[in-house]
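Dear colleague,

I am passing on the structure that we spoke about, and the sequence and coordinates are shown just below.

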Amino acid sequence: GGGGGGGGQTWSHSWGGVTTWAQEGAEVASDKEPDEILVEAGANETDAAEAGAAGEEEMFFHRRRRTVGASAAGEGTNPIQAFNNHLDTVKFAADHGLFYEFATAESDVVWMGEIEGLGDWADKDTAFPLASASKLFTAFAAMYTMQLKPRDWYPKKYVNEFKGWEYFKDFPVHGTTKRASLTIHHLLTHTSGLPFAMRSNKEDIAKCTLFYMPGTQFGYTLGHRVIGWLLRDYWMNQPEARSANIQTVQDTFKWLYFDKMGLSKETRFSDEMDHLFGYEGQAGDASIQSTGTDLMKLAVVALRRGRLPNGQVLISEKNWNKWAVPNLLPGGKLSKDLVSWDGGSATWANLNVGGLKEKIMQQSGDYGWNYFGATYYNSKEIGWCGFFSSCLRVTYENDLAFVMMQRDVSDLKKSKPYVVEHFAAMSKWLQCKGAQAKSCAKPGTSSIFCEVEGKDDKWTNSCPNSAQRGKGWGSSHRDETVRSTDHTCYVPSCAASSRRRFFR
């Protein structure tokens, strides 16, 4: 991204060598590519279960031009100001700060904010552990592999049909005399029945008793961890990947699509989390770390339904609409309606002391699930948040992507449910309401403008597009007001109008 000085560049994202930006007066882009169960390092499995049952320096803002108010509470009526008010509270007790950002399908940043933590600030390049939001990266890797290798990878494929996984089958099912095997679909949608675990390897999991027949119920568990190991074992034996010398899940994801998306070296499996997730290797369900910049790149591809901003198709829109938009839970039901099952009793092969694994797995709500993540409001929104309260969210109805980065285990300020409830309102408020209200952004053109007193002008770097909230006094800790009278606004992409018909 650029600064607010020369050239009039907005904040932007570089995609695998292709850098896009909106310049003052320029129209054409550059042509160059529910709570989770994870605990702080050192916690044990029982601690994790209890946590799940209960519910985790330089400032770049001085380079931007913003509107500063004497009091952040002075203008609390617009949705973004209300969001900042909600986040900036004594209940936000994390050492590091919070960073959030809204961006368009053209990768133009509409608005970003930063909330000071007890120790310091965070910005778009600060790396945070994603915890269960890691599943979004693993899910994309699985869908991209299904796109590339449809004969080998498809939703109904049984895990035991993969080389080296032949024994991963015929699981006993609690309360019955039946046995069942698992498919890619079961693992990606949390309908496998596998018990949740922290430090389990492939052999441990293969000995488990399923809590219910696969494909009949919802149980939030470690399917994405198994998916990551499957992807590693599969791609290391494919001829096109031999030069990559794949040994780990990290190697697999980097070769498969991290580099294509232009993700930084900060998006990787975290060494800090290795000992939490056992002996098989990197956990694709919980141990990835990333930055706001990189997570937004994934969010924009999700908003564009599998396509990079430069037009390169990673996953076809047809497949994206099948795999990553609709609710794929049994009968199209919400997760809250599929958790009436009873877990098995505690055994050495299935440690379920006090029903703690059930409590972890039965966290659910007014959301469905598909091969990418959770679905909300009849699939008008998709995404997920992790145990440390970092989130990715996409609204297809309003054509906008959102990420929020932090490491706040307890999330006493309830930032995650706030986003679920208010994301649509915030997105609508950021849309241009003047002359550009009925327009759309064509590929390669700027999708942001400056709205001043209800009129939309060309965007320049003097137009407010960020605000910070500090915890102290002085210029480095000040609060800034989001003004309704002048701020950056956006118009949806021209493809969005046809996409909206998907929901009608």
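The notes below go through the salt bridges, a helix pair, the nonpolar cores and a few loop residues.

This is a predicted model, in which local features need pLDDT of at least 70 and side-chain atom pairs count only at pLDDT 80 or more, while totals for chains, interfaces and linings use all residues. Residues are numbered from 1 along each chain as its sequence is written, and side-chain values use heavy atoms, with hydrogens and water left out.

Salt bridges

Taking a salt bridge as a side-chain nitrogen of Lys or Arg within 4 Å of a carboxyl oxygen of Asp or Glu, the count comes to 15 salt bridges. One of them pairs E240 with K149, with the closest N and O atoms 2.9 Å apart. This pair links distant parts of the chain, 91 residues apart, since E240 sits in the loop between α6 (223–235) and α7 (249–261) and K149 in the loop between α3 (134–148) and β6 (171–172). Helices here are DSSP runs of H or I with at least four residues and strands are runs of E with at least two, numbered from the N terminus. For exposure, buried means under 20% relative accessible area, exposed over 50%, and partly exposed in between, with a 1.4 Å probe and protein chains only. On that scale E240 is partly exposed at 38%, whereas K149 counts as buried at 17%.

K413 takes part in two salt bridges that I would point out: with D408, at 2.5 Å from N to O, and with D411, where the closest N and O atoms are 3.1 Å apart. Each of these residues is buried, with relative accessibility of 4% for D408, 3% for K413 and 6% for D411. Elsewhere, salt bridges that share partners join D88, R469 and D479 into one network.

Helix packing

How do α6 and α7 pack, in angle and in distance between axes? Their axes lie 9 Å apart at an angle of about 70°, where axes are lines fitted to C-alpha atoms, for helices over the stretch in contact, and angles run from 0 to 180 degrees between N-to-C directions. The two helices are therefore roughly perpendicular to each other, given that angles of 65 to 115 degrees are classed in this way, those under 35 as roughly parallel, those over 145 as roughly antiparallel and the rest as oblique. With contact meaning heavy atoms within 4.5 Å, α6 contributes G228, W229, L231, R232 and W235, and α7 contributes V249, T252, F253, W255 and L256. By class this contact has 7 nonpolar, 2 polar and 1 charged residues, counting Ala, Val, Leu, Ile, Met, Phe, Trp, Tyr, Cys and Pro as nonpolar, Asp, Glu, Lys and Arg as charged, and the others, Gly among them, as polar.

Nonpolar cores

A nonpolar core is a set of buried Ala, Val, Leu, Ile, Met, Phe, Trp, Tyr and Cys residues joined through side-chain atoms within 4.5 Å. The largest has 90 residues, and those with the most contacts inside it are F140, M143, L230, W320 and F372. Leaving aside neighbours within four places in sequence, F372 is in contact with several residues, including L136, A139, M143, W320, W323 and I382. Apart from this core lies another, of 29 residues, with Y418, W429, C450 and A467 among them.

Loop residues

T291, in the loop between β9 (288–290) and α8 (292–303), is buried at 2% relative accessibility. Beyond residues up to four places away in sequence, T291 touches K124, D125, T126, A127, E266, T267 and M405. The C-alpha atoms of T291 and A122 are separated by 9.8 Å, although the two residues are 169 apart along the chain.

Two further loop residues deserve a look for their backbone. Most residues other than glycine have a negative phi. S389, however, has a positive phi of about 80°; S389 is found in the loop between β12 (381–385) and β13 (391–395) and is buried at 0%. D399 likewise has a positive phi, of about 55°, lies in the loop between β13 and β14 (400–405), and counts as buried at 3%.

With best wishes
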